[in-house]
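The model is a predicted one.

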Amino acid sequence: MATTTTDKASSTMAAVSKKVLITGVSKGIGRALALELATYGHTVIGCSRDQTKLDSLQLQLSKVSPIVNHLLLSVDVKCNRSVEEFARTVVENELVPDIIVNNAGVVNKVGNMWEIDVQDFDTVIDINIKGTSNILRHFIPLMIPHNQGIIVNISSLCGRDNNQYKSVAPYCASKWGIEGLSKCIAQELPKGMAIVALDPGVIYTDMLESCWGDLASRCQTPEYWYVLFLTWFDNVSISCVYI
Ligand SMILES: NC(=O)c1ccc[n+]([C@@H]2O[C@H](COP(=O)([O-])OP(=O)(O)OC[C@H]3O[C@@H](n4cnc5c(N)ncnc54)[C@H](OP(=O)(O)O)[C@@H]3O)[C@@H](O)[C@H]2O)c1
């Protein structure tokens with residue numbers, strides 16, 4: 001029988017139950033990933049700011065995997081103190097993650113750089129770069145004693161060469177920042193741990209719609225994307241095992 005993409009995706013991820021911390025789980029890519037990982041028996045530790053959406057996700061997760069205790073908390077990643085508190089709660093619940101997916105992010109209102117509101121620029125940098133750094137600051141020290149852990153920082157085509165960047169300068173700057181941050185930390189982590197920046201491609205979410213309008217609906221949905229992610233993740237896990 002032919003192996004489907006889903007079969008491949010499930011091979012490593014389904015073998016052992018993992019604790020996966022995902023930021024930005026209230027919608028889009030993060031939410032789809034949380035739900036899919038839960039169907040494989042993994043424990044989701046999730047955060048974002050919208051409590052109503054978190055409550056609805058918690059309900060869905062409990063239907064998908066009733067015996068697993070997922071932990072979802074309202075945390076603004078750009079607030080270092082909130083992330084510190086988040087880490088403390090995670091430790092208290094004995095849920096130090098095996099995997100972190102730094103997914104929470106925002107994009108600026110499209111426009112020429114010199115016309116973009118200064119507050120909008122600050123918010124993109126504060127959430128995308130500093131928010132990711134806050135998570136890493138408080139969670140890497142918890143993972144180091146276990147000598148294992150994989151960190152995925154969600155980047156973008158906008159953080160790489162040969163692409164059309166027009167109208168999203170703050171977002172581009174933030175994703176180039178994520179690429180640099182990830183490369184630097186990769187050299188600092190101890191053996192057994194790995195960190196990568198991952199460009200998810202173009203996915204139909206609220207974020208894409210805010211940039212592309214109606215055109216966004218022609219792109220793949222997050223529910224399609226997670227299959228690719230899990231396949232990719234399998235390959236990363238296997239490479240890490242053999243490093
Ligand atoms: N969609 C694409 O085509 C695409 C392409 C390349 C890269 N990406 C990247 O993929 C990631 C997810 O994007 P998406 O398209 O799924 O966007 P989305 O649908 O707008 O979801 C963004 C998520 O981030 C959360 N978030 C935003 N600010 C936060 C904060 N301060 N603290 C905690 N959570 C926060 C949001 O939740 P709350 O608002 O409830 O806090 C939401 O759950 C982003 O890093 C984005 O840059 C997306």
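## Helix α5 and helix α6

Helix α5 (residues 118–143) packs against helix α6 (residues 169–188) at an angle of about 20°, and their axes are 9 Å apart. Angles under 35 degrees count as roughly parallel, so α5 is roughly parallel to α6. The crossing of these two helices, α5 and α6, is right-handed.

- On the α5 side, the contact is made by D120, F121, V124, I125, N128, I129, T132, S133 and L136.
- On the α6 side, the contact is made by P170, Y171, S174, G177, I178, L181 and I185.
- By type, the residues of the contact of α5 with α6 are ten nonpolar, five polar and one charged.

## The sheet

- Six strands form an open sheet in the order β3-β2-β1-β4-β5-β6, and their pairing is parallel.
- At the edges are β3 (71–74) and β6 (193–198), each of which pairs on one side only.
- From one strand to the next, the twist averages 10°.
- Strand β1 (residues 19–23) and β2 run parallel and are joined by five bridges.
- Across from I22 stands G46 in β2.

## Helices on the sheet

- Helix α5 packs on the sheet and touches β1, β4 (99–102), β5 (149–154) and β6.
- The direction of α5 makes about 175° with that of β4.
- Helix α6 lies across β5 and β6, and runs at about 165° to β6.

## Helix α4 and helix α5

- Helix α4 (residues 80–92) and α5 cross at roughly 30°, and their axes come within 8 Å.
- The two helices, α4 and α5, are therefore roughly parallel to each other.
- Their crossing, that of α4 and α5, is right-handed.
- From α4, the residues that make the contact are N80, V83, E84, A87 and V91.
- From α5, the residues that make the contact are N134, I135, H138, F139 and L142.
- The contact of α4 with α5 divides into six nonpolar residues, three polar and one charged.

## Helix α2 and helix α3

- The axes of α2 and helix α3 (residues 51–64) come within 9 Å, with a crossing of roughly 20°.
- That angle makes α2 roughly parallel to α3.
- The crossing of α2 and α3 is right-handed.
- Helix α2 contributes R31, A34, L35, A38 and T39 to the contact, and α3 contributes L57, Q60, L61 and V64.
- Six nonpolar residues, two polar and one charged make up the contact of α2 with α3.

## Around the ligand

- There are 32 residues around the ligand, and those that come nearest are G24, G28, R49, D50 and G105.
- Two or more residues of the shell around the ligand come from each of α2 (28–39), β2 (43–48), α5 and α7 (206–212).
- The residues of this shell divide into 14 nonpolar, eleven polar and seven charged.

Technical notes. Residues numbered from 1 in each chain as written. Predicted model: local features only at pLDDT ≥ 70, side-chain atom pairs only at ≥ 80, totals over all residues. Axes fitted to C-alpha atoms, helices over the stretch in contact; angles between N-to-C directions. Helix = DSSP H or I, 4+ residues; strand = E, 2+ residues; numbered from the N terminus. Parallel < 35°, antiparallel > 145°, perpendicular 65-115°, else oblique. Left-handed = near helix turned anticlockwise from the far one by under 90°. Contact = placed C-beta atoms within 7 Å. Nonpolar A, V, L, I, M, F, W, Y, C, P; charged D, E, K, R; others polar. Near = placed C-beta within 6 Å. Pairing = 2+ DSSP bridges.
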